[in-house]
Amino acid sequence: MPSVDFTLPHWLYWVGLIAFPALAMVLARKAQPEQRTYGLPLGYLILVTGGMLGLHRFYLRSLLGLVYLPVFLLILFANGEERTARNEFSNAVNIVRQAERTITRETERVATAEEGLEDLRAAAEAAQNGTALQKRRAERALDRAEKAIETGRERLAESEAALAEAQPLAEIAGADRAFWSSVARYAFFTILAFLAIDALMLPRLVASARVKAAADPHEPEMEIDEETAARAAEMDPGARKADQDYAGNWIDRLSLYAGEFVSYWAVIAVFVYYYEVIVRYVFNAPTNWAHESMYLMFGMQYLIAGSYAMLTESHVRVDIFYAPLTKPKRAWADLFTSIFFFIFAGTLLVTSYIFAMDAIAVPTGNSVVSDWARGEMSFFQMFGALTFGDWTDPNIRWGEISFNEWEIPLWPMKWMMVVGAVLLILQGVSKLSKDIRTIARGY
């Protein structure tokens, strides 16, 4: 298989987290056509991202997409067999190398011991007429030499047997590895050929799908009668409430925008994990950045979306006692529990600010930034002390970074804790003002 060695640049990661949600929010607000139909840009997007599975064909309701599936499954199976053969080949080669080193080492040791064996025997015979100490030393030296020869010959026999067994296994595993690698490669080239053909044919396929869609009668949309809608609204007043209905002030609108913005990050995760699965199981090239980038992204999403969850009441809570209460009584309950909320939110803000400052204050090669982060100089003093080289020198690292090979800066993520805490406190203030107004009105 062709090798894939791509590492997501840090700048592209941050641009994607900012630009993609912004573009998605703009597109979501565009006027939608009255009758939806098949789109050529969407068709090409599906072809590029999921074409190996034939998803673009399924999108156009073409059963020829089934042709892709057995070829793709063949790639997965061949890669699995190639990994197994590679492991067996690696193990056999290690055994061969170890056996060859042992044979070389022990052959030299046995030869050296055998050369001096006759001298040791003669010395032992001569020591028979000497003192008891000389006799014991000579016999001990002779015994060590004979045991060394015996042990060396045993190791030689074991290594030669292991070598004789491992060499054929290494040849077989190497041949299997080359075979399955070729199968995977040719299957992959087959899918690429299919995709190239479909890429040229896609405009005609989309036009054909549009004609079929126009000819087929549309299923009538299910309508809900007024009585059912009124009963549902009585059982759960907030069930059919749109997000815009929660916006009572600028704080609420800010929380809605923040929640909508980070919600599109989940779409990014779909593409990243899809890429990870493909390069891991199709190209045998797992990444070292996909998982870390996504769990950091989801951590920031969790923090920033907290105010949205509080506004729309989409967080988890026990409604056994709360749900039956009237609106003023709910406001009194919220007013009382807000004490604990502001304790939590304030603690989150203070601790997250400390974490964020500590992340910037990590020794970076530029003590000016660290001194400012620790409060040893003012912002203007720090800014005035910076030079152009501080921004362009690759040896200067700005703040805390991750510990793996990707080395993504962590301090922006920790500052998102501060942003999330501020949004949460603002939303708490908005909720508190609404509860006070509800209690004052009495309804």
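Me: Before we count anything, what qualifies as a helix or a strand here?
Reply: Helices are DSSP runs (H or I) of at least four residues, strands are E runs of at least two, and both are numbered from the N terminus. Do keep in mind that this is a predicted model.

Me: What about contacts, how much comes from residues 24 or more positions apart?
Reply: Among contacts with a separation of 6 or more, such residues account for 75%.

Me: Switching to rings: how many aromatic pairs are there?
Reply: A search of the whole structure turns up 15 aromatic pairs. One of them joins Phe-6 and Tyr-275, with ring centres 6.3 Å apart and planes at 80°, so this pair is edge-to-face.

Me: Where do Phe-6 and Tyr-275 sit?
Reply: Phe-6 is in the segment before helix 1 (10–28), while Tyr-275 belongs to helix 9 (residues 265–281), so the pair ties together parts that are 269 residues apart in sequence.

Me: What about Tyr-38 and Tyr-59, how are their rings arranged?
Reply: Their ring centres are 5.4 Å apart and their planes meet at 75°, which is over the 60 degrees needed, so this pair is edge-to-face. Tyr-38 lies in the loop between helix 1 and helix 2 (40–50) and Tyr-59 in helix 3 (residues 55–59), so parts 21 residues apart in sequence are tied together.

Me: Is Tyr-38 buried or exposed?
Reply: Tyr-38 counts as buried, with 12% relative accessibility.

Me: Back to Phe-6, which residues are in its ring cluster?
Reply: Ring pairs link Phe-6 with Tyr-275 and Trp-289 in a cluster.

Me: New topic, at what angle do helix 1 and helix 8 pack?
Reply: Helix 1 and helix 8 (residues 250–263) pack at about 110°, and their axes are 8 Å apart. The two helices are therefore roughly perpendicular to each other, and the crossing is right-handed.

Me: Which residues of the two helices meet?
Reply: From helix 1 you have Leu-17, Ile-18, Pro-21, Ala-22 and Met-25, which meet Tyr-257, Glu-260 and Phe-261 of helix 8.

Notes. Residues are numbered from 1 along each chain as its sequence is written. This is a predicted model: local features need pLDDT of at least 70, side-chain atom pairs count only at pLDDT 80 or more; totals for chains, interfaces and linings use all residues. Side-chain values use heavy atoms; hydrogens and water are left out. Rings of Phe, Tyr and Trp (its six-membered ring) pair if their centres lie within 6.5 Å; planes under 30 degrees apart count as stacked, over 60 as edge-to-face and the rest as tilted. Buried means under 20% relative accessible area, exposed over 50%, partly exposed in between (1.4 Å probe, protein chains only). Contact means heavy atoms within 4.5 Å. Axes are lines fitted to C-alpha atoms, for helices over the stretch in contact, and angles run from 0 to 180 degrees between N-to-C directions. Angles under 35 degrees count as roughly parallel, over 145 as roughly antiparallel, 65 to 115 as roughly perpendicular and the rest as oblique. A crossing is left-handed if the near helix is turned anticlockwise from the far one by less than a right angle, and right-handed if clockwise.
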